[in-house]
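Here are a few notes from going through the model. Have it open while you read.

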Amino acid sequence: MCAVLSVATTLAIVVSLLGPTLSFFREVGLFEFFTGKVWAPLFAQARFGVLPLISATVLITGIALAVCIPVGLLSAVFLSEYSRPRVRAFLKPGLELLAGIPTVVYGFFALTFVSPLLAKLWLFGEPPGIFNAASAGIVMGIMIVPTVASLSEDAMAAVPQALRNGAYALGSSRLQVSTRVVIPAALSGIVAAVVLGISRAVGETMIVLIAAGGTPNLSFNPADAMQTMTAFIAAAGIGDQPIGSVGYQTIFAVGSTLFVGTLLVNLISIRLVRKYREVYE
Amino acid sequence: MTPPDASPGDLSSLQRRRSVATTIREAGFKSAMLGSLLLAATALVALMVQVFVTGSPRLNGDLLNRFPSSLPSRAGARSAIFGTIWVIGTVAFTCVPVGLGAAIYLEEYAAKDRWYNRLIEVNIQNLAAVPSIVYGILGLAFLVRGPLKLGQTVLAGALTLSLLVLPIVIIASREAIRAVPGSIRLASLALGATQWQTISRQVLPSAVPGIATGTILALSRAIGEAAPLLLLGALTFITFVPEGLASPFTVLPIQIFNWISRPQDEFRVLAAAAIVVLMVILLAMNGLAIWLRNRFQRKW
Amino acid sequence: MVSPMKESTTTVKPSAQSRTAERSPADAGPAEAKSQRPLQIEVVAPSSRHPADSREKVFELRDVAVRYGGVAAVDGISFDIFRNRITALIGPSGCGKSTLLRCLNRMNDLVPGASVEGKVLYRGKDLYAPEVDAVEVRKHIGMVFQKPNPFPKSIFDNVAFGPRVLGMKGNLDEVVERSLKRSALWDEVKDRLKAPAFGLSGGQQQRLCIARAVALEPDVILMDEPCSALDPISTMRIEELMGELKKDFSIVIVTHNMQQAARAADMTAFLTVDIGQGDSRTGRLVEYDDSSVIFTTPKDNRTESYITGRYG
């Protein structure tokens, strides 16, 4: 019966989201929700286009990926192919340390350290203000590095040594073995790791709430402040919305969008992991 | 087309003869790898240093003894610290039995080919990937306002967090139980013990270190969570220690968030100090988990 | 006791005294054991069989030992390997044949804790000299492994891997076709070069691995029990293949199948396991000669015991 609880939880999430979501969409058309470009649900003249929230989520996730994929992959290659066991025993827990830091702390770091730094180093266009997408994205990327690195390294370690030996016997250098044999062989696992990183980035709340600001803004300029889906939900939830009000329902509408999005991403990653396990019967 | 180097008589080709391009490529790759690691390490160090330096002026007893106030010089985190203790304690009580029960069921009793069991497994994996704030929405809808009407209380917050970390406990416990070799189970059953006796007397005791480690990791995740609790009303101005499960509350991460959102610089210092406290607690918990794992890990 | 190799020696010099010494290495005191090296026969062959000059040396091993963490897996190995011949290393399990083979293309470098002593001369040059690059060595001396290990890529990409690593771009079709023809696989796969290599049978995969090695046009091909994971028909095909390949390459093969060595190899080296102090196992060379000699009139008792199946 305990296990059934987990099923119950999923059902509960779906159900709890569904009710208010449906009534929300009854009042505000689906069309406007998904195509409208202005998100101002709590204003007197409420507008309900969710695109600004989605674009913010996408942009910040993109920045995070631009940081965490190279750093994560290169770290994984180093750990798996180049480092000695003693070094690895020291580095892997270090990466885990990064993973254990609470997101609110990362938010603090983004706001008080990265933002001013970026303002000083910004090279093109207007320097970003205190709240901007770039510092949130960069710090989020750093937060996700352990996830990507650890899972990629597992995937690479699973590549049989016989393949590496075959490549070495053909006169390959370590670099060539790593890039031409190991990474392609571990590719499904690596992609699964990245997809998991995406799902974490999309669902992350505190960093963006603190560092990216609370103004919905349909923009792809990383120097701008903007509000993601998660940040909106948090902001709306902090203020007490009367039950049943449209404001209250927006929480659920955006929440549903978020839930469905991450569910899809997660299902893709599970399929990929299964596929990479099949390659080595 | 003969490959350029392979002329058997040309022995000089055995010597180091990398073209410039290759050398640059190799050096570039190596520096990229080390650079990545360095970046991650630097970020970690910068974060810790910055937090510590910023927060050190206020790292004193006031933090523990005073309650939040709109005057930074008089503010402390007493309510948040005790709130955290209350909430995490309750989480431990609720999610460990449930998680363990689920793990035992899945590993020992469930037939792996039944569709409903596989559904449960997939389900748990999905739940582990759901954004934390969605759990907050769930808590809001069901526990605070909805059917259970618990209000903005410690119990509501703890239950929500329990649901959040339940997958972690289940997965870790399953691994621990799975690691106990089947031969031990068989031996116990062959001596006439029932399945439950086998589990309670043989399997579980051997799996305790793994289960404990998993629990500690789950709890340390729960301590750092802020997003779901935002939706549950933990961000209100709480100036008292929780009086019971039905009491309003706040937790350390939320208090940190609160202080970060204030404009005055003094509050930044307070936030950093509170972060140091939080990180120390986390470090201690993770250290405990690692120690447990190393000390009691049995190699079968 | 151990006669130094001379370039054009044509005499067989078994060391009679060392034969008796070998019988009880454990009895001899440490000083004596050291001076009484276990039996080694430095063989070239009687002049009646092989005119001295016709046999160019590819490898010369002198006192080669390989240690894993201090314990010698093989010790005191000295013999020559000749060009365009198939040389077989046989012996019971654990006598270090594969370890010895790996010395020849510096694959032992990849094994942590392994150290190689003695001299391995490849065409007169010290393979382990500090200025020698192991990666370059392996482009001249290829290896085929016991269990076929094609890459999870297409058949074409497997064979083309070596040339691509060398930096060859452009049209590799010719190279791939030629290599597959030389390893007797072309006809079976010519219509499906882009198909994944994993779809081939075990014997085909092994021939693919041979094609892969051949594509680099190496000087020597080392084979570590290439047929032990294969069925008899595939084994036979690969043995035929080896006969063809030796026209262009020198082949050194490790095999635990004596009949294979007798059938296919020109020269055979027999190694045995020495159980030393503390239960350590060290491989040593017992006899090295033309296969016809080893398998019909072996000079050492141990060789004879092994061949007739009395032990091993």
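1. Chain A has twelve helices and two strands, where helices (H or I, at least four residues) and strands (E, at least two) are DSSP runs numbered from the N terminus. Its order along the sequence is α-α-β-β-α-α-α-α-α-α-α-α-α-α.

2. A word on conventions: this is a predicted model, so local features need pLDDT of at least 70 and side-chain atom pairs count only at pLDDT 80 or more, while totals for chains, interfaces and linings use all residues. Residues are numbered from 1 along each chain as its sequence is written, with chains lettered from A and ligands numbered from 1 in the order in which they are written.

3. Still on chain A: 53% of its 281 residues count as buried, meaning 20 or more other C-beta atoms (placed from the backbone) lie within 10 Å of the residue's own. For contacts (C-beta atoms, placed from the backbone, within 7 Å) between residues at least 6 apart in sequence, 73% join residues at least 24 apart.

4. Now the contact between chains C and A: chain C puts in 20 residues and chain A 14. On chain C's side, the elements giving two or more residues are H4 (134–140), S6 (141–144), H5 (155–165) and H8 (202–214). H4(C) supplies the largest share, four residues.

5. Over in chain B, have a look at H3 (residues 78–109). This helix has 32 residues and spans 45 Å from first C-alpha to last, close to the 46 Å expected at 1.5 Å a residue (1.5 Å times one less than the number of residues). H3(B) also has a kink of about 25° at B:Cys95, shortly before the proline B:Pro97; the bend is the angle between axes fitted to the seven residues ending there and the seven starting there.

Note on methods: Buried ≥ 20, exposed ≤ 12 C-beta atoms within 10 Å, placed from the backbone. Contact = placed C-beta atoms within 7 Å.
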